[in-house]
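Here's a quick briefing to read with the model open beside you.

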Amino acid sequence: MFPPGATMCFEGEPTTHVFILVTGWVKVLAVTSDGRELMLALRGQGDTVGEVAGATTGHRNATIKAIDTVRALILRHDRFDSFLDSYPGADRAYRQVMTLRWNDAATTLRSRALTTGAQRLALLLLELTARYGDVANGTMPLSQEELASLAGTSRATVTRAFGNWRKRGLIRTAPRRIMIVDLPGLRKVAGQQH
C-alpha cells in the first residue's frame, strides 16, 4: 500500500518490478533537461505501470507517484515476462493494451497541431470522464499545472478556459474538483459534434 504522495519508483533507477494497480490513482512523471516536471500519464485501477522500462533500457523512464491511497500488486519484472510467455491470452491482452496506449499517444500528438490548448483541455476532461466515469467527474486528483501538462498547454490557458467555462455554465470548480455541468457544451468546445 502506498499513501497519497508516495513515490513508488524514481526515473533512472534500475527496473526490478512492475506495479499492477488494484485501487487508487498514480501519475507518471518525467523531468525535462531544464528541470521541469512533466506529467506523462494518469493511471488507475487495473492498469499496469513500470513495465516498459524493463523491456527496453532496464532503467525507469519515469517517476510514478501515488495521488491517493494506492494498493498495487508488485511483481518482479522477470516473473511478469515469464507469466506473459506462459499464458498466450494474457500476452495478447497486454499487447493490445500497449498498442492502444501507443495509438492514444499518436492521436494526441496529431491533435496538438490541429487544436487549441482549450480544446485539448476539454478533450482531456471528456477522456478522463469516459475512462474513469464519476470518479473523474467530481474529485479531480490533479492540479491545474498537471492538467496543463497532460493537455499539452500552459497553466494560464487552463485558468482562462476554466474561468470562461464556469461563466458559460459548462463546469463548476473547487480545489481539485471539476464538475462537468454541460457535457454537450463541453463536447462542442472540444470540437466534437456528437
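Arginine 95 is partly exposed, at a relative accessible area of 43%, where buried means under 20% relative accessible area, exposed means over 50%, and partly exposed is in between (1.4 Å probe, protein chains only). Keep in mind that this is a predicted model: local features need pLDDT of at least 70, side-chain atom pairs count only at pLDDT 80 or more, and totals for chains, interfaces and linings use all residues. Residues are numbered from 1 along each chain as its sequence is written, and side-chain values use heavy atoms, with hydrogens and water left out.

**Salt bridges**

- A salt bridge here is a side-chain nitrogen of Lys or Arg within 4 Å of a carboxyl oxygen of Asp or Glu, and that rule gives a count of five.
- One of them joins arginine 95 to aspartate 91, at 2.3 Å from N to O.
- Both of these residues sit in helix α3 (residues 88-112), four residues apart, or about one turn of the helix; helices (H or I, at least four residues) and strands (E, at least two) are DSSP runs, numbered from the N terminus.
- Another salt bridge pairs glutamate 146 with lysine 27, with 2.3 Å between the closest N and O atoms.
- That pair links distant parts of the chain, 119 residues apart: glutamate 146 is in helix α5 (residues 144-151) and lysine 27 is in strand β3 (residues 26-31).
- Glutamate 146 and lysine 27 are both buried.
- Arginine 36 and aspartate 34 also meet through their side chains in a salt bridge, 3.3 Å from N to O.
- Aspartate 34 counts as exposed because its relative accessible area is 53%.

**The three-stranded sheet**

- Look for an open sheet of three strands in the order β5-β2-β7, with antiparallel pairing; two strands pair if DSSP finds at least two bridges between them.
- Its edge strands are β5 (48-49) and β7 (71-76), and each of these pairs on one side only.
- Strand β2 (residues 17-23) pairs with β7 over six bridges, in the antiparallel sense.
- Within that pairing, leucine 21 has alanine 72 in β7 as its bridge partner.
- In general, strands of a sheet pair through backbone hydrogen bonds, either parallel or antiparallel.

**Around lysine 188**

- Lysine 188 is found in helix α7 (residues 183-190).
- Lysine 188 is exposed, since its relative accessible area comes to 63%.
- Lysine 188 and alanine 122 are 66 residues apart in sequence, and their C-alpha atoms are 9.1 Å apart in space.
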